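I opened my notebook to jot down what I looked up in this one. Here is the structure I had on screen.

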Amino acid sequence: MQMFSTAAGRPYARNVYSPAPQPEDGELAQRILAAGTRRDADAETELCRRFAPRIRLYGLRHLRSEAAAADLVQDVLILTLEKLRGGAVREFDKLASFILGTCRQTVIDGRRGGQRRERILETFAPTMDAVSEDSDVALDNSRLEHCLQQLPERERSVLVMSFYDDRPADEVGAALGLTPGNVRVIRHRGIERLRRCVEEQRS
Amino acid sequence: MNTPCASPIAETTLAAYWLCEMDSSDSQAIEEHLFACGHCSARLQRLANLGAGIRQAVEKGAAHAVLSAAFVRKLKDAGLRVREYPVQPGASVACTIEPEDDLVVSRLCAPLVDVQRLDLVFEHPAAGTRHRLEDLAFDRNADEIVVASNTPFVRSLGSTTLHMRLLAVQPDGERELGLYTFNHSPYTR
């Protein structure tokens, strides 16, 4: 069952369902705290591997910059590990919410960069090495280009104008003589068709 | 790798989130879910990757598409070198592509205000090919259709003539809005 919907036009997240945090998150947090200054490298690496992609997406969504998103990943993970090691995180089962809150605060504060960051990056360098893009979802761009050309013209126009610099449906619709609702429908069909084509070629 | 989600976020909602179509409280609710759910965050990652791939295709000139004049201005503002050819109905233009060009755009002028459905036909007489794009998205008040060509294809052309033909499709048939002729020559210094 899908709890989120766009069918009614607006409310996307009424009666929002938040999945129960995976127990592994809490276990990781406990292991990092228990190790303290001795460090549990495996637990820290797993935490970074798990949350780095989510933080990066948050950064891309809010900052629209690969470099800024990469900085955010490092800053948030470093801060999270510091807090965990120091025992400042009390509710282990809400680790995901803690990290999200740290993302929000970091973006609001705009406190990326600076000397403090350089200093603590050295401390955490081995753990940060584990942070890399998930190859499971990497994309072959030449395949995508081929599939993009196979789309119906209307879908291609909408996808290009939507995703070139991430524009909402009302803007794209105004430029192409379509209603926002129509853009969303065309966009959804286009995404599905494009994804199917890319995955078929992959398999 | 990720545990399946018992209540996955709909694809349309992921796209709406990514493209900033939600209000703040809805976005925050989505983010709470995404941070706690590896499955849905991986799905959002795939969507983001598709978007990045589309962006790269545009920048390489590999996305042959009908766009808008404002969108082309945006590409130029972003630093892409765009070669534009405005053409009136029935007219022809001498055209080429230079090594530094990222994109070639044809601006087909036409009265569109009363057009319900618009098709575009590409003809390459020397190659004996004819390709029809059906049901374009277009702004009736724009008085032009902006077509971005596939840059690698244009670069591969020798001296040749190409035609584009705009057709208004109506319940009682179709009428030609304009024939546009492109006399292409490869770039020579």
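Predicted model: local features only at pLDDT ≥ 70, side-chain atom pairs only at ≥ 80, totals over all residues.

**Entry 1: a helix pair in chain A**

I started with helix α2 (residues 41–63) and helix α3 (residues 66–85) of chain A, which pack with their axes 8 Å apart at an angle of about 140°. Since angles over 145 degrees would be roughly antiparallel, I put α2(A) down as oblique to α3(A) because of that angle. I also looked up the hand of the crossing of α2(A) and α3(A), and it is right-handed.

Which residues make the contact? From α2(A) I listed A:E44, A:C48, A:F51, A:A52, A:I55, A:R56, A:G59, A:L60 and A:L63. From α3(A) I listed A:A68, A:A69, A:L72, A:V73, A:V76, A:L77 and A:L81. Sorted by type, the contact of α2(A) with α3(A) has 13 nonpolar, 1 polar and 2 charged residues.

**Entry 2: another pair in chain A**

Next I checked helix α7 (residues 153–163) and helix α8 (residues 169–176) of chain A. Their axes come within 10 Å and cross at roughly 130°, so α7(A) and α8(A) are oblique to each other. The crossing of α7(A) and α8(A) is right-handed. On the α7(A) side I found A:S157, A:V158, A:M161 and A:S162, and on the α8(A) side A:V172, A:A175 and A:L176. I sorted the residues of this contact of α7(A) with α8(A) into 5 nonpolar and 2 polar, with no charged ones.

**Entry 3: chain B by itself**

How many residues does helix α3 (residues 38–59) of chain B have? I got 22, reaching 31 Å from the first C-alpha to the last, close to the 32 Å expected at 1.5 Å a residue. After α3(B) comes B:G61, with a positive phi near 75°.

**Entry 4: where the chains touch**

Chain B puts 62 residues into its contact with chain A, and chain A puts in 62 residues. On the chain B side, the elements giving two or more residues are α1 (11–18), α2 (24–36), α3, β1 (65–67) and α4 (69–77). Which element of chain B gives the most? That is α3(B), with 16 residues. I counted the side of chain B that touches chain A as 36 nonpolar, 14 polar and 12 charged residues.

Terms used. Residues numbered from 1 in each chain as written. Chains lettered and ligands numbered in written order. Axes fitted to C-alpha atoms, helices over the stretch in contact; angles between N-to-C directions. Helix = DSSP H or I, 4+ residues; strand = E, 2+ residues; numbered from the N terminus. Parallel < 35°, antiparallel > 145°, perpendicular 65-115°, else oblique. Left-handed = near helix turned anticlockwise from the far one by under 90°. Contact = placed C-beta atoms within 7 Å. Nonpolar A, V, L, I, M, F, W, Y, C, P; charged D, E, K, R; others polar. Expected span 1.5 Å × (residues − 1).
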